[in-house]
Amino acid sequence: MRPVLRRPKELAGMKALCYHGKHDIRYDTVPDPVIEDPRDAIIKVSSCAICGSDLHLYDGFMPGMKSGDILGHEFMGEVVEVGSGNRRLKVGERVVIPFTIICGECEQCRRGNYSVCERSNRNKDVADKVFGHTTAGLFGYTHLTGGYAGGQAEYVRVPYADASAVKVPDGLTDEQVLFLGDIFPTGWQAAAQCEIEPTDTVAVWGAGPVGQFAVRAAVMIGARQVACIDNVPERLAMAEAGGAITIDFDHESVVERLQELTRGKGPEKCIDAVGLESHATRSIDSVYDRIKQAMMLETDRPHVLREMIYVCRPAGVLSIPGVYGGLLDKIPFGAAMNKGLTFRMGQTHVNRWTDDLLRRIQEGEIDPSFVITHTMGLEAGPEMYRTFRDKHDSCIKVVLKP
């Protein structure tokens, strides 16, 4: 395997996409990362992506961001340096890096609950106060999850790289494997934790990248039928190509259509692939949420969550991969309790799923690159954040090449 060399010291300093406030992303020059721990590795990024979760940062909804933070949690590349204690990785290997930083040794990691690793959040004390207990550290996200530099950059320091990095077999392109770091296992976990039966109807709210993978995961697992709810024709067409019955919430009632598809019983399994920024502007509760959010009386817009609770079949499952950041209002918890609904949620336990999903890619069962709509240089990142935010119809998944 050919060696990969880092840039000469006299050229030290790399380019990265940095957060400087709401709707202010810049293509900055920042210091190169260095090995800080024996288990570290330095990755030269070959591909990275803008994720829907990045838009929550861009829109200013997630607390704990600081000016100058390097963004990005979906990336891959080549190993250019390893710490003295890292025996698993070698210089020159291609790897995908999961967005969840894991130690691989704590009690939660041993149980496969990687997104709640007990060691990797270096701001554990703050997270303990906000969440009750810490979660794992995350790349390119808030300081509540460690404040780690992200992957929308030329180079990245990867803590605990010997535990998390997914080695890429020969013959696979970046585009085929990049999404193993986040949205593919996120969509898969969303479906898997529904415990889908062959008789089930699965309803997926949101036809963005995670929703697209949730649709395909539900189909592969064997649901009787899968419905996908959105209002963007291009996204709905992509979901339909993946095997979903589509519902455009701008033109028909979601509740009535799901009742029709299930003979009045409601879907057994419901997946929220939207999260805190619901856009159902025609509903009264969405107007209420927007007003409260503008007055800083509520952080999130949980229209989808309310709708799922209402329409889900009694004794059904609500799976929530969509990100929520803070406080929700007017949640019909009485309905959820009396209907006996089960909630399954959380950040993704990426490494729990990667071996199986990599096998499915190698065997040709799925090619995750179907979601890519734009590929361009890292320097285009600030403009692509604006495009991704404003033009969901033409911008389903953006891949950047440093």
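Residues are numbered from 1 along each chain as its sequence is written, and side-chain values use heavy atoms, with hydrogens and water left out. Because the model is predicted, local features require pLDDT of at least 70 and side-chain atom pairs count only at pLDDT 80 or more, whereas totals for chains, interfaces and linings use all residues.

An open sheet is formed by 6 strands in the order β13-β12-β11-β14-β15-β16, with parallel pairing (strands are DSSP runs of E of at least two residues, helices runs of H or I of at least four, both numbered from the N terminus; two strands pair if DSSP finds at least two bridges between them). On average, neighbouring strands are turned by 20° against each other, direction ignored.

Strand β12 (residues 225-230) is joined to β13 (residues 245-248) by 4 bridges. Among the bridge partners in β13 are I245 for A227 and T246 for C228.

Helix α11 (residues 303-311) packs against helix α9 (residues 254-261) at an angle of about 35°, with the axes 11 Å apart (axes are lines fitted to C-alpha atoms, for helices over the stretch in contact, and angles run from 0 to 180 degrees between N-to-C directions). V254, V255, L258 and Q259 of α9 meet E307, Y310 and V311 of α11, contact being defined as heavy atoms within 4.5 Å. Helix α11 also lies across β11 (201-205), β14 (269-272), β15 (317-320) and β16, running at about 180° to β14.
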